[in-house]
Amino acid sequence: MRKKEKYLSADERRAETVQTVVDLAGEKNPSDITTSAIAERMGLTQGALFRHFPTKEAILKSVMEWVSERLISRIQVAAAENPSPKAALRAMFHSHIEFVSQHPGMPRLLFGELQRTGPTGPKVVVQTLMGHYRKLLGVVIQNGKTCGDLASDLNEDAAASLFLGTIQGLVFQSLLAPDPDWILRNADAVYHVFECGIERRVP
């Protein structure tokens with residue numbers, strides 16, 4: 001017997017739905033996170049769920065917005081707390097890795113969504129996130145070149161791409177690793193290799 005629905009405001013119900021998907025993503029394959037599974041976990045009917053989200057894509061868009069807001073906030077704090085650009089980049093990298101470790105289902109959900117053809121609401125959110133992320137990286141890298149932390153001839157766009165690609169590579173490999181802490185154990189050594197490639201060379 002389905003439990004009686006607890007009254008929540010529309011905003012509270014939408015927030016609960018997003019958190020439910022985040023939780024389910026850590027337990028299930030993306031294909032198993034159906035609207036039926038979401039509603040069942042929340043103790044709702046699918047009809048009640050669709051009063052707040054017209055489609056599953058709308059739910060996933062809100063989930064990606066949740067990810068985007070929290071990830072950008074974390075890396076902004078990491079950058080702001082480290083006046084040295086070189087230290088700021090390292091802190092941003094590890095903050096991102098820690099976020100992935102805390103929400104291990106998000107990469108699977110994200111990769112599954114990005115494989116869909118054509119533009120979708122969730123993909124647009126991720127594209128916007130990457131644009132903000134690259135802009136922030138560009139500022140930190142430029143500051144690093146100016147102060148002498150980083151190589152003066154460093155290509156800023158290429159360095160930002162490599163930074164993000166290094167994280168994506170670690171995330172992808174972590175999906176294959178049997179140990180959930182693999183990404184945390186390997187992040188520092190991998191970042192050191194990246195850092196050696198961008199820092200200023202001392203004659």
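How many nonpolar, polar and charged residues does the lining of the second largest pocket have by class? The answer is given below, after the overall architecture of the model.

The structure is a predicted model, in which local features need pLDDT of at least 70 and side-chain atom pairs count only at pLDDT 80 or more, whereas totals for chains, interfaces and linings use all residues. Residues are numbered from 1 along each chain as its sequence is written, and side-chain values use heavy atoms, with hydrogens and water left out.

The secondary structure of the protein chain consists of nine helices and zero strands, where helices (H or I, at least four residues) and strands (E, at least two) are DSSP runs numbered from the N terminus. The order of elements is accordingly α-α-α-α-α-α-α-α-α. Along its principal axes, the C-alpha trace spans about 75 × 35 × 35 Å. Of the 203 residues, 40% count as buried; buried denotes under 20% relative accessible area, exposed over 50%, and partly exposed in between, with a 1.4 Å probe and protein chains only. Among contacts (heavy atoms within 4.5 Å) with a separation of 6 or more, 68% are accounted for by residues 24 or more positions apart.

Helix H5 comprises 18 residues, 85–102. At 1.5 Å a residue, H5 should span 26 Å, and the 25 Å between its end C-alpha atoms agrees with this; the expected span is 1.5 Å times one less than the number of residues. The buried residues of H5 include Pro-85, Ala-88, Leu-89, Met-92, Phe-93 and His-96. The buried residues of this helix pack against H4 (56–80), H6 (105–114), H7 (121–147), H8 (156–176) and H9 (182–198).

Asn-143 is placed in helix H7 and is partly exposed, at 42% relative accessibility. The C-alpha atoms of Asn-143 and Lys-86 are separated by 9.2 Å, although these residues stand 57 residues apart along the chain.

Open spaces were examined next. Rolling a probe the size of a water molecule over the atoms shows where empty space is left. On a 1 Å grid over the protein atoms alone, a pocket is an open set of points where a 1.4 Å probe fits, with protein on both sides within 12 Å along at least five of seven lines, and lining residues have an atom within 4 Å of a point. Grid points are joined across faces, edges and corners, and a volume is the space filled by probe spheres set on the points.

The largest pocket holds about 430 Å³ of space. Its lining has 21 residues, of which Leu-71, His-96, Leu-110, Leu-129 and Gln-168 are the closest to the centre. At least two lining residues come from each of H4, H5, H6, H7 and H8, and H6 gives the most, with five residues. By class, this lining has 17 nonpolar, four polar and no charged residues; Ala, Val, Leu, Ile, Met, Phe, Trp, Tyr, Cys and Pro count as nonpolar, Asp, Glu, Lys and Arg as charged, and the others, Gly among them, as polar.

The second largest pocket holds about 230 Å³. Thirteen residues line this pocket, with Pro-104, Arg-108, Ser-174, Leu-175 and Pro-180 nearest its centre. H5, H6 and H8 are the elements that give two or more residues to this lining. By class, the lining of the second largest pocket has eight nonpolar, two polar and three charged residues.
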